Protein chains: 2
Amino acid sequence: MTDLDPDEFRRLGHAVVDWVAAYRAGLPDRPVRPAVTPGQVRAGLPDLLPEHPQPLHTLLETVDHVVTPATLAWQHPGFYGYFPANAALASLLGDLLSGGLGSQGMLWSTSPAGTEVEQALLDGLAGALGLDPGFTFAGGGGGTIADSASSAALVALLAALHRSSDPEGSSTSRWRDEGVDGHERVYVTAETHSSLAKAARVAGLGGRALRVVDPGPGGVIAPDALAALLRADVAAGLRPVLVCPTVGTTGTGAVDPVRAVAGVAREHGAWVHVDAAWAGVAALCPEHRGLLDGVELVDSFCTDAHKWLLTAFDASLLWVRDARTLPAALSITPEYLRNAASDSGAVVDFRDWQVSLGRRFRALKLWTVLHTHGLEGLRSHIRGHVALAAGLADRVAAEPGFALAAPPSLALVCLRCDTGDPDADDRATRALLAAVNASGRAFLTHTVVDGRYAIRVAIGGVTTGAADVDALWDLLRRCAGWVAEQAVASDDVSGAPRHGSQL
Amino acid sequence: MTDLDPDEFRRLGHAVVDWVAAYRAGLPDRPVRPAVTPGQVRAGLPDLLPEHPQPLHTLLETVDHVVTPATLAWQHPGFYGYFPANAALASLLGDLLSGGLGSQGMLWSTSPAGTEVEQALLDGLAGALGLDPGFTFAGGGGGTIADSASSAALVALLAALHRSSDPEGSSTSRWRDEGVDGHERVYVTAETHSSLAKAARVAGLGGRALRVVDPGPGGVIAPDALAALLRADVAAGLRPVLVCPTVGTTGTGAVDPVRAVAGVAREHGAWVHVDAAWAGVAALCPEHRGLLDGVELVDSFCTDAHKWLLTAFDASLLWVRDARTLPAALSITPEYLRNAASDSGAVVDFRDWQVSLGRRFRALKLWTVLHTHGLEGLRSHIRGHVALAAGLADRVAAEPGFALAAPPSLALVCLRCDTGDPDADDRATRALLAAVNASGRAFLTHTVVDGRYAIRVAIGGVTTGAADVDALWDLLRRCAGWVAEQAVASDDVSGAPRHGSQL
């Protein structure tokens, strides 16, 4: 018996639960982004590999003294960076259940319940999002929980490569036997997430396979430009394998015209993968269902439960219209994985829907969120943030010296300083971002829109509410005032205003 | 405020901790592998997506009534299948802390503590395993926690492809620009884990790139055969990219001669990746350090903390000798990920060591295990299982009607029925496996050794002790007796003996 005994686990488990509750409750009093220098954490760590067992409380003390003071607080109500990664406490309960079961669901037979709960959840969510029934297992498609949208994009590309080299859909193909041939092309825009470029590289296509479609108005894919590019490539002997429209780009939340893109792509047999990593979950709300217009025409669709749907990272939801496509591309069965259930063809083995063999029972944390919040709770969560973003965008648009850098999209607002001098505004916006982040009261990140530096405000924290966004707006105005006074031309914000608690 | 409030989380969290404690404590009274038919779980599930919030206890009731009765119990003391996935309760505490922090460590700047704790742990473990200091960050290399050995093999292959097309180690290469060219070759054996074949497929090389080296005595790589194959391939204009020796094959736990393989591979500039997914952690014990002989000569080394080192899936440890290699192959930096710390070059951004962008703070669960067990506790854990396996192997070797199918390796024993008639023995071994698994008292899996069907007994459960292995041996003998009596020629074990509790 090498493990904690159950009674000791009860005692220590309660202590860790209490630690988590206290940490989350205390977040508003902490800086969102603490000041940390490279090497600081390592220098503060005690011996991490003791010879003999140590009591848990000494680890918790180290976490308190060394780890949390050097942790960007993604769950802080003032976190507006990147896209949110809102890990609701409810999802942690499900994750703990999953660890307790400790089953590894590579095959149906190694976790029948894990496999079927995941299938049922993904079928249910497909309905709740308004996806075409063809994306459910009952409809011949199906969904799976990947670790990230990056992995989802990669397996979609692999299925596309397989299909592209063998349109008949068998489990052999030139791609499986001989690999890529250098003629494959993948169509994205300059705003497509970098995970698509990474997937193309991983899949052995190299950067030359990436075709960046010229943007139309608003920076989204111009279907005519896509059509022209596809025609020219096909005429040149190249093979369009995959087209990736984005619903909610990382930069500004822009939405590519999926229906038109799918129409064009299908003419050339290209797989269409919709990356809706952040924005897709908003389709739970009927008023945002339009985001998915045309998705019924595509081959695969991905949205993350771990961004804006309260489920702790990692839980990326991937649906395909044809459940055979991923196993056809990815399955390899050595003797030690053979089993009667798989041979029967009556079950889904999720190992064949991903690169890794092993997998956790991620569905439990998603299920716990859906169960304890209900669909109405999730819709309310999303609607609350969208309303806060609309309010913030109105303030930005009305405020002298500020401008919206792009139209607000759902809960994402992109803004910049605006005095009419582009270079000065870029410097001021950069300084404003640095000043806000240095304050510790909010954390924002940046992007570039039409060549201009812009601040992104991605509202989506589990506990982010109206008072937090009010405080952010106050902070933005004060910091902008300070920047204007200083005419700051660098990232030196040592004199910038600090608000609230001592940092 | 969409989340549980902290007090409610305390109450519910304690309830889930208690559920996990009770589940683990009750495992010995459950069948390891319950009888489940495809579709049974889905049919038993209530509405998983309620409109309105539901109390947690109703979810726990569904888990009790539908999920656990349909879960292969990987944490059961009678689980000897595949390789163990021993998820010690201590590791769950660390995973819960990680979820509580909810930080996403794609960049150093998005989780400074997460990044540096991981670096420190991997450096420390490198020392504890006796790896060459060149695998530590201080030594110019470094380690990372991947989700699985499959992913580790894939990124090693990608780094190898990059280096192979650009020996100078820059961040551009023909591979990054143009992809693979069809001349790349990857060297494995018939016993190499299927994840290598999958990695080659994912990377766009196709099955033809896999070169299966003829085995020498014991089925392990014959260095002379490898050398001849490499020479012939180079002469034919092909490019040896990666050679993968295995330390502890999945089938029988065999160990390829790493030192000799590395010597041969290096002559042709091929990357050497050692897959020690299961066996590598045994090197914590000085008496098993010989497993890693020659590893100081290779480019990358992988062993899983989630198999036999008590850390809940997923935690696969990957070390490389040159910390620049993975980022050189994998880094892509869009504007929204740019930050001062990364630009300074003074930090490690672990997103560049993996395919996905996002990542959890997995180091916390590993740290918790190391802290609460200490290195001596972990060595004792491994030694206990190795001793149990040796005892079982002795019994098998001495028992009429049984034979060892391969020499025992660490905690893995491969056995078969042995009456001298190969076909009859294969049928009997198959029937024996089915009978043992149907009993619910133990779960075993199979492999094929030298063309003969064999049962694998992979000892490694967190709570598996001497009494459990004694009971397994008793069960094996009884079931074998029943099989011999029945002269069972099929998998119909409806009349096989049942032992212990009612199933």
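Q: Where in chain B does B:Pro133 lie?
A: In this predicted model, B:Pro133 belongs to the loop that joins α5 (112-129) to β1 (142-146) of chain B.

Q: Is B:Pro133 buried, exposed or partly exposed, and why?
A: The class follows from a count of C-beta neighbours: 20 or more within 10 Å make a residue buried, and 12 or fewer make a residue exposed. B:Pro133 has 13 C-beta neighbours inside 10 Å and therefore counts as partly exposed.

Q: How far apart are B:Pro133 and B:Asp123 in sequence and in space?
A: The two residues are separated by 10 residues in sequence, and their C-alpha atoms are 8.5 Å apart in space.

Q: What is the strand order of the open sheet in chain A?
A: The seven strands run in the order β1-β7-β6-β5-β4-β2-β3, and their pairing is mixed. At the edges stand β1 (142-146) and β3 (210-212) of chain A; each has a single partner strand, so one side of each lacks a neighbour in the sheet. From one strand to the next, the twist averages 25°.

Q: In which sense do β5 and β6 of chain A pair?
A: Strand β5 (residues 271-275) and strand β6 (residues 300-304) of chain A are paired in the parallel sense over three bridges. Within this region, A:Asp275 has A:Cys302 in β6(A) as its bridge partner.

Q: Which strands of chain A does helix α6 touch?
A: Helix α6 (residues 149-165) of chain A packs on the sheet and touches β1, β2 (184-188), β4 (239-243), β5, β6 and β7 (316-320); its direction makes about 175° with that of β5(A). Helix α10 (residues 258-267) of chain A also packs on the sheet, touching β4 and β5, and its direction makes about 160° with that of β5(A).

Q: How is chain A divided into domains?
A: The division gives domain 1 (6-74), domain 2 (103-360) and domain 3 (375-486). The C-alpha centres of domain 1 and domain 3 of chain A are 31 Å apart. Their contact takes four residues from domain 1 and five residues from domain 3.

Q: How many residues does each chain give to the contact?
A: Chain A gives 132 residues and chain B gives 131 residues. Helix α1 (residues 6-26) of chain A contributes the most to the side of chain A that touches chain B, with 15 residues. That side has 70 nonpolar, 43 polar and 19 charged residues. Of the interface residues of chain A, 99% are also interface residues in chain B, so the copies meet through the same surface.

Definitions and conventions: Residues numbered from 1 in each chain as written. Chains lettered and ligands numbered in written order. Predicted model: local features only at pLDDT ≥ 70, side-chain atom pairs only at ≥ 80, totals over all residues. Contact = placed C-beta atoms within 7 Å. Domains from an automatic or database assignment. Helix = DSSP H or I, 4+ residues; strand = E, 2+ residues; numbered from the N terminus. Nonpolar A, V, L, I, M, F, W, Y, C, P; charged D, E, K, R; others polar. Pairing = 2+ DSSP bridges. Axes fitted to C-alpha atoms, helices over the stretch in contact; angles between N-to-C directions.
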